[in-house]
Structure formats: structure tokens, C-alpha cells
Amino acid sequence: YVTWRDVLASLLSGTEEAPSAAALGEALLERLAGRSTLLALAPVLNDVLPLGLAENPQTTALQGEGRAAAVRSVIAGLLARETPLLLTLDDLQWLDSASWALLLGVLKDVGPLLVVVSSRIGGSRTAPAGWRELIARPGSGSIRLEGLDRAAVEALILRRLGVSQVDSALVDFIVERSNGNPFHLEQLLLSASKGAAVAAAAAAV
């Protein structure tokens with residue numbers, strides 16, 4: 001449930017700060033007050049975040065899919081109180097099976113809900129079943145982001161380095177290694193600048 005940790009923490013705290021586990025646990029119990037069925041299942045969210053909630057006989061007996069279903073029920077119940085809701089999830093290529101099941105369950109049980117995701121998942125032959133089910137849902141759409149072309153890569157290099165011109169060999173190298181991905185491009189520039197700084201320091205010794 002790694003992808004869902006920030007979602008749950010933000011939902012319970014109302015901020016992007018990092019409150020204590022005890023504070024999050026108390027916030028969860030407050031939100032579930034008066035909802036006896038979900039309140040009894042609250043300790044299963046220890047599987048998502050270290051909330052420090054004591055297990056009870058009902059949750060202790062839950063294993064495997066039964067426990068995963070309980071996690072989905074509690075989180076869906078929490079999100080349903082927040083609708084209409086925009087939910088954003090990054091890097092879906094790293095989702096584990098439990099996180100996929102939770103996402104698809106939330107889409108089924110919570111609404112009105114708009115989910116915006118980002119992913120580097122490739123073609124349908126290599127895509128996980130959860131991704132294929134997600135994009136096949138009615139109303140789903142996708143925007144494919146292509147890599148930057150050479151001119152855009154060069155412009156970004158100039159801006160990041162704070163110079164007016166750069167050797168074409170460096171541009172070609174960055175284009176080839178980054179495939180036009182801005183994040184990879186910046187990491188390559190960062191590595192190159194660190195290497196240059198180390199070399200300059202060594203030469204000065």
C-alpha cells in the first residue's frame with residue numbers, strides 16, 4: 001500500500017505535514033465515530049500506515065483477501081465522506097497488487113470521484129491487469145507525453161546551466177541518454193556538474 005500512505009495521511013491530517021502516528025490514529029477514530037461497522041475494522045489500516053491501533057478479535061481473525069477487503073471498505077468509507085473528490089496518484093508502475101485492488105475498489109464504490117494518475121507503464125502486453133482494467137473503464141482517458149525534441153533539450157540545458165551556448169556533443173549525449181525525459185535530463189546534468197566539481201577540486205590539490 002505504499003502509494004496510498006500519503007493519501008491516507010493527508011486525508012486524516014488535512015495537511016501535507018507529517019503528524020505523529022498517534023495523532024493520525026485518533027483522527028481516524030474520530031472520523032469513524034458513529035459508524036460501528038467501519039470503526040471495528042479501523043485497526044486494519046495499520047497495514048497502510050503505522051497508526052498504532054490495537055487489533056481486536058475481528059481484525060485479528062482477518063487474513064489475506066479478507067483483510068485486504070476490510071482495508072478497501074474502510075478507505076472507501078473515509079473517501080466517500082469527502083466527495084466530490086479529486087484523487088491524484090503518481091508512478092502507478094510501482095503499484096503492488098494490493099494497491100491496484102484498492103484503487104479499483106475505490107473507483108467502484110466512491111463517487112463522484114475524479115482520479116488523475118501518472119505512469120510509465122508501457123504497452124498493453126506488458127501492462128499489469130489493474131492498468132488494463134483502469135483504462136478500459138467508461139469515461140477513462142489518457143494523455144501520452146512524448147519526450148522533448150533536441151531543440152527543447154538544448155534550451156533546457158542552457159537554462160539549467162545558466163549559459164548562452166553549449167557544446168553540441170553534450171546536447172547529443174543528453175538527448176541519447178535521457179530520451180527527452182526532463183527528469184532524467186536534469187539528473188544527468190546534476191551528475192555531470194558534480195563530476196566537473198570533483199575534477200576541478202582534484203586539479204586544485
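The legends below describe close-up views of one predicted model.

Local features are reported at pLDDT of at least 70 and side-chain atom pairs at pLDDT 80 or more, while totals for chains, interfaces and linings use all residues. Residues are numbered from 1 along each chain as its sequence is written, and side-chain values use heavy atoms, with hydrogens and water left out.

**View 1. The protein chain has ten helices and two strands.**
Helices (H or I, at least four residues) and strands (E, at least two) are DSSP runs, numbered from the N terminus. Along the sequence, the pattern reads α-α-α-α-α-β-α-β-α-α-α-α. Of the 205 residues, 32% count as buried. Buried stands for under 20% relative accessible area, exposed for over 50%, and partly exposed for in between (1.4 Å probe, protein chains only). Contact means heavy atoms within 4.5 Å. Among contacts with a separation of 6 or more, 62% join residues 24 or more positions apart.

**View 2. Strands β1 and β2 pair in the parallel sense.**
β1 covers residues 85–89, β2 covers residues 113–117, and five bridges link them. Pairing requires at least two bridges found by DSSP between two strands. Leu-89 stands opposite Val-117 in β2. With helix α6 (residues 97–109), the two strands make a right-handed β-α-β unit. Right-handed means that, with the strands pointing away from the viewer, the path from the first strand over the helix to the second runs clockwise.

**View 3. The largest nonpolar core holds 44 residues.**
Such a core is a set of buried Ala, Val, Leu, Ile, Met, Phe, Trp, Tyr and Cys residues joined through side-chain atoms within 4.5 Å. Trp-4, Leu-28, Leu-45, Ile-75 and Leu-78 touch the most other members. Two or more residues come from each of α1 (2–13), α2 (21–31), α3 (36–41), α5 (64–80), β1, α6 and α7 (129–136). Helix α5 gives the largest share, eight residues. Beyond four places in sequence, Leu-45 is in contact with Leu-8, Leu-28, Leu-51, Val-71, Val-74, Ile-75 and Leu-78. In soluble globular proteins, nonpolar side chains tend to be buried together.

**View 4. Ile-157 sits in helix α8 (residues 150–161).**
A second, separate core of nine residues includes Val-153, Ile-157, Val-171 and Ile-174. Ile-157 counts as buried because its relative accessibility is 0%. Not counting residues up to four places away in sequence, Ile-157 touches Val-166, Val-171, Ile-174, Leu-185 and Leu-189. Ile-157 and Ile-174 are 17 residues apart in sequence, and their C-alpha atoms are 8.9 Å apart.

**View 5. The largest pocket has a volume of about 1400 Å³.**
On a 1 Å grid over the protein atoms alone, a pocket is an open set of points where a 1.4 Å probe fits, with protein on both sides within 12 Å along at least five of seven lines. Lining residues have an atom within 4 Å of a point. Points are joined across faces, edges and corners, and the volume is the space filled by probe spheres set on them. The lining numbers 37 residues, with Val-117, Ser-118, Ser-119, Trp-131 and Ile-143 nearest the centre. β2, α7 and α10 (182–204) each give two or more residues to this lining. The largest share, five residues, comes from β2.

**View 6. Ser-118 lies in the loop between β2 and α7.**
Ser-118 is partly exposed because its relative accessibility is 30%. Leaving aside neighbours within four places in sequence, Ser-118 is in contact with Leu-89, Asp-90, Asp-91, Leu-92 and Gln-93. Ser-142 is 24 residues from Ser-118 in sequence and 9.5 Å away, C-alpha to C-alpha.

Pro-84 is in the loop between α5 and β1. Pro-112 belongs to the loop between α6 and β2.

**View 7. Asp-91 and Asn-179 have positive phi.**
Most residues other than glycine have a negative phi, and most peptide bonds are trans. Phi of Asp-91 is about 55 degrees. Asp-91 is in the loop between β1 and α6, and is partly exposed at 34% relative accessible area. Phi of Asn-179 is near 55 degrees. Asn-179 is in the loop between α9 (168–178) and α10, and is exposed at 65%.
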